[in-house]
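Subject: Structure handover

Hello,

The structure we discussed is below, with the sequence. My notes on what turned up in it follow.

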Amino acid sequence: MPSRTLTRRHQRAQSSSTMSSQDSRDLPSVPPTTAARLVVKPIDSDEEIGEEEELMSVAGIIDKASQKRQRNATAVFTSDSRRYPKRKRGVSSRSDLYEEQEAAEEQTSDADDDDMQDVAEEAALSDTSSNSPTTSARRLPRPSNGASSDKAATTKNQVSSGRKRASVSGGVQENGGDVNPLFEAVKDAGTALEETAADWIQNYEKNKVEAMMEMVNFILQCCGCDSSVTAYDIEDQDSVTQTLAQIQDVFGKKKVSDYPLVSKRLEFKKFRSHLVDFFAAFIDKGAERETLYEDDSLMESIQIWITAMSSSTLRPFRYTATTVGLSILTALCNAAADIAKATGRSTKLLEKEKSKPRPAVAKVQKLQATVDGYAQKTETLENLISDLFDTIFVHRYRDIDAKIRTDCIRELGKWMQTLPDVFFEGAYLRYMGWILSDANGSTRHEVVKGLTKLYKDNYFIGGLRQFTERFTSRLVEMATHDVDHSVRIAVIDLLDAIRAVGFLEQEDIDTVCGLVFDTNPRVRKAVVGFFMANIKEIVVEKLTNIGNVEDIREYLSGEVADESDVTSAEEGDRDENMVSRSWFTLKSIVEVLESYNPQTLGNPIHLSKLELLIGGRTESRFSIAAQALWNVAQLPSWIEIVNYALFDPSVSVNENEDSIGYKIKKEIALTAQQEQILLEIGIGAADAADRPPENLTDRRVKRARGNEREERIKEISEDLIPLLPRLFKKFSPDPETACNVLRYHNFINLDVYQQLRQTVAYQDVFDAICKIFMSFDNASIVREFSQAVLHAQSCAYVSEIVEPRIRDLQDDLSTTFRVTVKGLENGLASTVFSKNVLAAITTVLTKLMHVSSITDTSETLDYTPRDTEIPNLRFIMALLDRIASPDDDEVDALCAGVSTLRFYVMWRVKRAVDLRSTAAFNDFRITLDEIMERFERIISSHAHLSLRHNAICATIDLMVSLNVLVKRENSDLMGIDVVIAPKLQKTIMHIFSREQKAYAKFAKIKLSSGGPMSAEAVDEAAVDDDENVDEESNQSSDLEALSKKDDEEENAAEEEDDNEEVTEEAVQNIETEIRLCEVTGKIVIGVLIGSMDQKWAKRLLQNSKALGAGYDRVVNELRTVVVATEIQKK
């Protein structure tokens, strides 16, 4: 049998091979032997041919006339026989070419038959009599009686061609510029590969050795190798390993890195796909002409060569041979599948004929012969498939090259689908499971895609149960923790298919659904389908527990085709006490999101309950999850969410407990926590609807999408405006829900109030907003209030309503602050505050700070009431004198005071700029100096780092404002000092270093070991002049002395916080990075406007790449400064 013969060949090749399938060890050199095989020496030009002929003539081997005739015969064969016509795909072949080829060969052979025979004998005698001490020529084997005449002719041509064979140590044959017709056909996109394959099969049937030599050289050329084999190498299959060792030795010395399969050159763009198509056509045509089944040596010869190449230590050989082997194996599977279909049809016809009362004997015999023939072909194909799988796939699926592993596992998935009777078994499925743990993401992605196709085909479900039980835990782990987001997304799709067939446990379902809170938006989007499928099952279960579907349908006054239809939303007007069908879906979503606590799921990459910092405001994990659900799934409308939040299930409690209405209202009733989650879901849905279109390059499309968004927001506003007062009334008492209601206000297009003529209605709404602001000291409420005021000021119509109420609010805050510090006028700098007093001061200053950031509070702070002679501004300045004895509990109050004074100065400067008045500036010049002095004392003190951070930001912001005044070129203002003192600059850079180190420790970043003034990270910029270097070195020493004590404090604090939660650390890491980027941005501005020395640019740029993309963008402008400084020095 061919399989046994092939196995013996393979064993001999493997036993003598020195090439490892996995290792990357170098090939050992082959020692020269006395019986070494000779390799033909290449002839590169006509001059060399002439010289070669002269030498051989003198040696008595061949005469010139015979050599000339043989060269003419070879030229005829090369020009006609071995050049395949280039035809466009689909064009029929022309057999006349082969008729001309045969005629030319016969003419040449008849004319020189006697000469050729004499030459062969003379050459054999010459080879035998050679006594070279280093090289002993090997006698060419004569064809046996049973051998074909083609082999004899080939042997004659080899000898008479005048080419010499070199010893093993002499090298291998080069192509010498010869064109391989198969290679050119595959490279040419216009060649009909089916006809090329058919032509090669015909040539093989005429001359096996010559055709196989062409095939092997074609594969070598696909490897990027210029060497080639001879007919002798094809005949002597036992020396395949040694032949390839020589070829690889020559190829390895050239260090070729570019070859057709991986080349980026345009001519090889589709080479790989054409190569696969060629071998598919090769197997198809071989099966069609029966050569594949009748000639055992066809596949045996090819397999021996590609098996040896696939075990090479050189990647071009190994990758190319593996690609060829996998392509052939895939084509064999397709052929076997076709044979299986034909066998099935013939068997049915045979059984049908036999079942007749009087079957036709001749027809039965014919059908039986057909079935038997198919069985023999099936056996042949299965043997070939088994041999190739064992010799190619089994060794290469774990190759060191990830691309080879990926190709192997991709083809295995195809084989399972094409030939499930052979490959869809546990022995082959285990390879898929093992590759799930591959180190390469693309390989893992490929096996996941293959498994997904199997799970989505009902034919394979029954055989996948055991595989699922074994590898589900690995799949869930990949979905939640894989480092490659594309792999995670593909695994989620696979797990959805597993869930659909009922193979996934509820615990695993909950874990995957929890990915709706994932930090990556692509993962959140990918899991929506899985999440909503689970929600649908929960809804159906709820309705089943409530009662009969017909009763539910009647109560809801809606047509429900089946249980799952209640997940769709109702449209049209409805009573506020009417239950909506969509609420079942919303209730299920709320319950599921509430149960998916990141801490209980054990997934550290989930959003924590501490919320994420996004765009300067907080987004809860529920609203972020709702954004993904809204963008992908068909969720209930946004207004339905608000109606459900306002629904009071206690209305109409007269219903019987056994009634369907009572059961429905009990089922959809929400707890206080669930109402909070529902409001956050509504915020996420509104945010998704309000989000502008992204990644649109076409202006017309972008404009159209923008118009659609505006219309959508207008519709939402028209629906929400009547409901907003009810939302404030129901949810204002609780700070958490009140904060969410403020967010709803910010989604409304306030121009709709003017269109609806509801001025009074908005006054009531804004009064409710101010009441919430004054009632709670929640930081989120304060931030959302600032956003609400800015949103109102952006609308000209509404801003007229808001301004008077804002002034009243400023007066209320000013009065509250005076009442809080009453009696402490002379002791603010030293008095020990009680916790209640300190909390009250912190709250009012924080609110005053936020109000000052959006409205001009300078007049309010400068106002001196009748009952006291000190304005509130002086109280705040006196409060900042407490830095002499810093207390961590007072940090928030002092930070709020610093920011309030910063905004005060900025508003005063803005007024002077707008009025173009010198007097307006001179009025507070003394106050400005006092404020700047306090900021400088804070920065230079040992106060809390957050307080010093705020003082730095405030100082540089004020320098920017003062620069605006200086640029007005007013002579009275030219005396303003807009340059920070050098000593203060060093202190600022010291604080910057602390912020940088703190972030580096959290992010586990190793900072450069160079000094603070090192120029390593600024594109190898030149160092400063000697004087500057000395000065900077002294400054570096000062900074190190300042930071030594701070480092000790930080290390001690770290030891206390070792048990911190992973999610807490993640959020703190984000906050630390934000603080670093903030202070760095301020310093960058200071350098750019000239308030700080440009020499600090190098220090800021140091480690810029290591500290992340955000930091690098912040300091990017300084690269221009450094380059300009260096150019100026040169």
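This is a predicted model: local features need pLDDT of at least 70, side-chain atom pairs count only at pLDDT 80 or more; totals for chains, interfaces and linings use all residues.

A residue is called buried here if its relative accessible area is under 20%, exposed if that area is over 50%, and partly exposed in between.

Aromatic pairs

The count of aromatic pairs comes to 32. Phe 268 and Phe 271 make an edge-to-face pair, because their ring centres are 5.6 Å apart and their planes stand at 85°. Phe 268 has a relative accessibility of 9%, so it counts as buried. Phe 271 is buried as well, at 1%. A further edge-to-face pair is formed by Phe 278 and Phe 279, with 5.1 Å from centre to centre and 75° between the planes. Phe 278 has a relative accessibility of 0%, which is under the 20% limit, so it is buried. Phe 279 is also buried, with a relative accessible area of 0%.

Beyond the pairs, one aromatic cluster is made up of Phe 389, Phe 393, Tyr 397, Trp 415, Phe 423, Tyr 428, Tyr 431 and Trp 434. Tyr 431 also has a charged neighbour: Arg 430 lies over the face of its ring, 5.4 Å from the ring centre. A second case of a charge over a ring involves Arg 621, whose charged end sits over the ring of Phe 517 at 4.7 Å from the centre.

Salt bridges

The model has 43 salt bridges. In one of them, the closest N and O atoms of Arg 315 and Asp 401 are 2.2 Å apart. Are the two partners buried or exposed? Arg 315 is partly exposed, with a relative accessible area of 29%, whereas Asp 401 counts as buried at 11%.

Glu 353 and Lys 356 form another salt bridge, with 3.1 Å between the closest N and O atoms. Glu 353 is buried, with a relative accessible area of 5%, and Lys 356 is partly exposed at 36%.

Lys 1082 and Asp 957 form a salt bridge in which the closest N and O atoms are 2.8 Å apart. Lys 1082 lies in helix 49 (residues 1062-1089) and Asp 957 in helix 46 (residues 945-966), so this bridge ties together parts that are 125 residues apart in sequence. Both Lys 1082 and Asp 957 are buried.

There is also a network of salt bridges, which links Arg 272, Asp 407, Arg 410, Glu 446 and Lys 449.

Two helices

Helix 38 (residues 779-793) has 15 residues, which at 1.5 Å a residue should span 21 Å; the end C-alpha atoms are 21 Å apart, so the two values agree. At its start, a side-chain oxygen of Asn 778 comes to within 2.7 Å of the backbone nitrogen of Ser 780. Ser 780 is itself one of the buried residues of helix 38, which also include Ile 781, Val 782, Glu 784 and Phe 785. Gln 787 is in helix 38 too, and counts as partly exposed at 37% relative accessibility. The C-alpha atom of Gln 787 is 9.0 Å from that of Ile 854, which is 67 residues away along the chain.

Helix 45 (residues 925-940) has 16 residues and reaches 23 Å from its first C-alpha to its last, close to the expected 22 Å. Where do its buried residues sit around the axis? The buried residues of helix 45 are Thr 927, Leu 928, Ile 931, Met 932, Arg 934, Phe 935, Ile 938 and Ile 939. They cover an arc of only 155° around the axis, so they lie on the same side of helix 45.

One contact across the sequence

Gln 676 is located in helix 32 (residues 672-690) and is buried, with a relative accessible area of 9%. Gln 676 and Thr 737 are 61 residues apart in sequence, and their C-alpha atoms are 5.9 Å apart in space.

Regards

How values were computed: Residues are numbered from 1 along each chain as its sequence is written. Side-chain values use heavy atoms; hydrogens and water are left out. A salt bridge is a side-chain nitrogen of Lys or Arg within 4 Å of a carboxyl oxygen of Asp or Glu. Buried means under 20% relative accessible area, exposed over 50%, partly exposed in between (1.4 Å probe, protein chains only). Helices (H or I, at least four residues) and strands (E, at least two) are DSSP runs, numbered from the N terminus. Rings of Phe, Tyr and Trp (its six-membered ring) pair if their centres lie within 6.5 Å; planes under 30 degrees apart count as stacked, over 60 as edge-to-face and the rest as tilted. A charge sits over a ring if NZ of Lys or CZ of Arg is within 6 Å of the ring centre and within 35 degrees of the ring normal. The expected span of a helix is 1.5 Å times one less than its number of residues. A polar contact is a pair of N or O atoms within 3.5 Å; within protein, one must be able to donate a hydrogen and the other to accept it, and residues adjacent in sequence count only if both atoms are side-chain atoms. The arc is that of the directions from the helix axis to the C-beta atoms.
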